[in-house]
Amino acid sequence: MSDHDLRPRRRASDEYGILDRSRYPLASVAIAVVAVVLITIVGFTLGTVDVGLSKALNGLHTGALGAVTTAVYHVISPAPAIGITVVVVAVIWWRTRDLRPALAFGGTIAITWVPSAVVKEIVHRARPDVAVLPHPFPVQPDPGYPSGHTVYITAFVIALIWLLRDTRWHRLALGLGVVAIVVVFFAVSIDAVHYPTDAAASILWALAVAPGVRVVWVDWLMPKIPFLRPRGPAAQREVTR
């Protein structure tokens, strides 16, 4: 993949998709705020509603499948996930020779992901009880709702799809991204480190929150930072707004 491959094919301003200003910024932010409130409230009501499904999925944690789901869980645990994101941000910067899409990508992921850890502590929903699981995973010390792993991978995929909009890689990113989200959903559910509802709520969280986060970070805050201000035709559009 060259820097030319990452450049938009049809956008005259030569902007990257993740830098496109939202057509409905206030609506995006409002949806994000409402989603955070609703997902938090729902978390208090779930209890062990899907413990039966969690036990059934954990029954699949054997052989090669169990090894794969465990590996997935470890690969996108917080420390490796941060490392992966930093590396991808560096690659984007290197290939595009532009810091703006790189930081737009990394910031969108981080600001979507980190608040979910705060909600996790507020809701404090326990993870599936290892005593009732057929193939229990080592006990995790923190609460389980929402699933940070699932929020992370969903936010990562969303940011990547935005970045690659109008490039030859967009459809591939969309297809592989959906597969990645499904794989992580089942990995954390089969490992039974999360209830399936933890993971499902996390996907909804990222889908609803990421657009609002992108508006606040990319459209509103980045242009106020001197070295991240739009350039060329994009800068002219900012002046005329």
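Helices (H or I, at least four residues) and strands (E, at least two) are taken as DSSP runs and numbered from the N terminus. Val33 has its place in helix 2. The model is a predicted one, in which local features need pLDDT of at least 70 and side-chain atom pairs count only at pLDDT 80 or more, while totals for chains, interfaces and linings use all residues. Residues are numbered from 1 along each chain as its sequence is written, and side-chain values use heavy atoms, with hydrogens and water left out.

**Salt bridges**

Side chains of opposite charge can pair when their charged atoms come close. A salt bridge is defined here as a side-chain nitrogen of Lys or Arg within 4 Å of a carboxyl oxygen of Asp or Glu. By this criterion, the whole structure contains seven salt bridges. The table includes three of them.

| Asp20 | Arg165 | 3.3 Å |

The salt bridge between Asp20 and Arg165 links distant parts of the chain, 145 residues apart: Asp20 lies in the loop between helix 1 (3-6) and helix 2 (25-46), and Arg165 in the loop between helix 7 (148-163) and helix 8 (170-190). Accessibility is classed as buried under 20% relative accessible area, exposed over 50%, and partly exposed in between (1.4 Å probe, protein chains only). Asp20 is partly exposed at 23%, and Arg165 is partly exposed at 26%.

Asp142 is partly exposed, with 28% relative accessibility, while Lys120 is buried at 9%. Elsewhere, salt bridges that share partners join Asp50, Arg125 and Asp198 into one network.

**Nonpolar surface patch**

Patches consist of residues with over 30% relative accessible area and no salt bridge, like charges being joined within 9 Å and nonpolar side chains (Val, Leu, Ile, Met, Phe, Trp, Tyr) within 5 Å. Accessible areas come from the Shrake-Rupley method with a 1.4 Å probe, and for residues only the protein chains shown count as cover. Val33, Val34, Val37, Leu38 and Ile41 form such a nonpolar patch on the surface, together having about 430 Å² of accessible area. Within this group, Val33 is partly exposed at 49% relative accessibility.
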